[in-house]
Each structure stands twice: as structure tokens, then as C-alpha cells.
Amino acid sequence: MENEIENTIQNYETEISTYECLTQFRESLLNSIIKSLSIHAESNGLDAGCGIGFVTKLLAETVGENGHVIGLDLSKDFIHYAKNNNQTYNIQFIEGNVNSLQFDDNSFDWLWSVDTIWPGPKELGCPAENPLPIIKEFNRVIKPGGSVFILFWSSQKLLPGYPLLEARLNTTSSATAPFINGMEPKNHILNGRYWLEKVNFKDIIVKTYLGDIIAPLSKNDRHALNILFEMFWGESQSEVSKGDWKDFKRLCDPNSDDYILNNQHYYGFYTYTLFKGTK
Ligand SMILES: C[S@@+](CC[C@H](N)C(=O)[O-])C[C@H]1O[C@@H](n2cnc3c(N)ncnc32)[C@H](O)[C@@H]1O
């Protein structure tokens, strides 16, 4: 029993520190996206799937002291962390489910949701395989004339000099997760325009933003990239050739002599795609 509790605490700490690291890694890009959205000062918004609440804080800074932002997440642990670490006078953090929001119709001037409504199997932690009911729910709680901002991490190039290896690694299931074989193509994230149109959002805009990753890398960036190498390709051994797996380990294992992040000219990038609509 004591071991079980210790494991639970350790899992919680690992999960939180992973989120902290990836949040810091993406901060500058997410901040510039928020700045580009002309979110009004004094407006009130919802961050649906706020995680540890750091991005909620960036949104709250944008609306200023007379605005208000609610950060909502399914995870009790994340909400607990967010309340203790990112709480300010104009933020409220609450537990909730994007499938069925606890707010009245027409409650918010805007709703922001980043990397949360990934369509996919519930077993992979996705809220739903069909995003349309969630988008409908978002539409319900936004005021007429209000905006929805849905964002997803949409691509990356992380192995400069090894385009074929990277392309082959990217054919594996963990690299395309949570989109799995056999899923309805309309449920893929790049069809967000279709989702918004289907639920009657107007003036739909789609835009992709790019984050550069340039050496010399900070300690946090190196750690974040290690997390990403593992997340995208760490489980791919059975789906690639022996040679590709050896090369992946040679380039992406921090203990390897050929570790790619030790390249003083390292350059990579990643993208976030935004789908915006007006109710
Ligand atoms: C990849 S994280 C993104 C968190 C945050 N938006 C960010 O970018 O740092 C996905 C978040 O969605 C939350 N989530 C998953 N299913 C949810 C649901 N049905 N309702 C609300 N939040 C959910 C998870 O707990 C997690 O915090």
C-alpha cells in the first residue's frame, strides 16, 4: 500500500514536471499567438483543457485587471497545481469536462482550447473520437459575436540531416497518435475548418504558426526535446527496421556520442495550427 502511494506521488510529480518543461518550451510561441489574436482587454474567456494553468495565466494577462478567465480541466491534480501556482485575481480554476460544460448558454466572450480536444480513442485519453459534439458545446457557451480559438501542435522537424529517417519514424503509430488507423478522416485535426463550419461558426480562419528551435539550446529545451523524441518515436521499435532503430538511438539518446542536440548548429522547428471562428 505504501509503495502504491509512493508510485502515485512519483507519477504525479513526473507528469507535472513534464508539463512544466513543455510549457516553458512552447511559451514564446503560444504567447505570440495569443498576442496576435486581438483578445479584448476586460473580456471574459474560458481556457478549456487548461492543464497546469500556465497558458491560462498568459490569457489572463491579456484581458487585464478588469477581465476574467476560467481555466477548466478534467484532471483534479492539474487543477490543484494550477490553483497553487498560477492563480491570480482574475483567474478561476475549476474541474470540468469539455463534453458537457457546467456553464449557461452565452457565457463567454471567447473560448480558447489548446491541445485538448484531440479526436481519438478514450483509452488514449482523448475526450471523444468525434469532435463535433464538443465544438457544439463550445458554441453554446460562447456569446453571439464571440470567438472560438482551437489550437493543435500540428507538425515538427527535429532531425536535421536525417529527413528519410525522420519521415520513416513519422509513419509509426505513436508519431501520429491519437489519430489511429481506420479513424474517420474528417476527425483529423487539420479538418478543424470543417468542424467549425458544421457547427455554424462564421468568419472561419485557419493559420499555422512556427516555433524555431535553434542551438545553443537551454537546459529546458534539451529536456523538452528528449521528452518529444520519446513521445513521438520512443515506442516505435517494432514498427521500423533494425537499422532505423539503431540510428534513432544513436541520434536521440543523450548518452550517445552522436547525440543530435550536441550539434552546435542544431536547428529544428514545430508548428501550431489555429482554427478561429465567430459565433
Ligand atoms: C495535452 S494537455 C494540454 C493542456 C494545456 N492546454 C496546455 O497546452 O498546456 C491536454 C489536457 O486536456 C485535459 N483533458 C482531457 N480530456 C478532457 C476533458 N474531457 N475535459 C476537460 N479536459 C480534458 C487533460 O487533463 C490535459 O490537461
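Predicted model: local features only at pLDDT ≥ 70, side-chain atom pairs only at ≥ 80, totals over all residues.
**Overall build**

I began with the secondary structure, and I found that the protein comes to nine helices and seven strands. I then looked up the radius of gyration, which is 20 Å and lies close to the 19 Å that the globule rule gives for 279 residues, so the protein is as compact as a globular protein of that length. Taken along the principal axes, the box that the C-alpha atoms fill is roughly 55 × 45 × 40 Å.

**Burial and contacts**

Of the 279 residues in the protein, I noted that 34% are buried. I also looked at contacts between residues at least 6 apart in sequence, and 75% of these join residues at least 24 apart.

**Helix α4**

Which residues of helix α4 are buried? In this helix, which runs over residues 132–141, I listed Ile134, Ile135, Glu137, Phe138 and Val141. These residues cover an arc of only 155 degrees around the axis, which puts them on the same side of α4. I reminded myself that an α-helix has 3.6 residues a turn, so residues three or four places apart point the same way. When I asked what covers the buried residues of α4, I found that the cover includes the strands β1 (44–48), β4 (108–114) and β5 (142–157), together with the helix α7 (192–198).

**Around the ligand**

I finished with the ligand, which 16 residues surround, and I wrote down Gly49, Gly51, Leu74, Ser75 and Pro127 as the closest.

Terms used. Residues numbered from 1 in each chain as written. Near = placed C-beta within 6 Å. Buried ≥ 20, exposed ≤ 12 C-beta atoms within 10 Å, placed from the backbone. Helix = DSSP H or I, 4+ residues; strand = E, 2+ residues; numbered from the N terminus. Arc of directions from axis to C-beta. Contact = placed C-beta atoms within 7 Å. Rg over C-alpha atoms; globule rule 2.2 N^0.38 Å.
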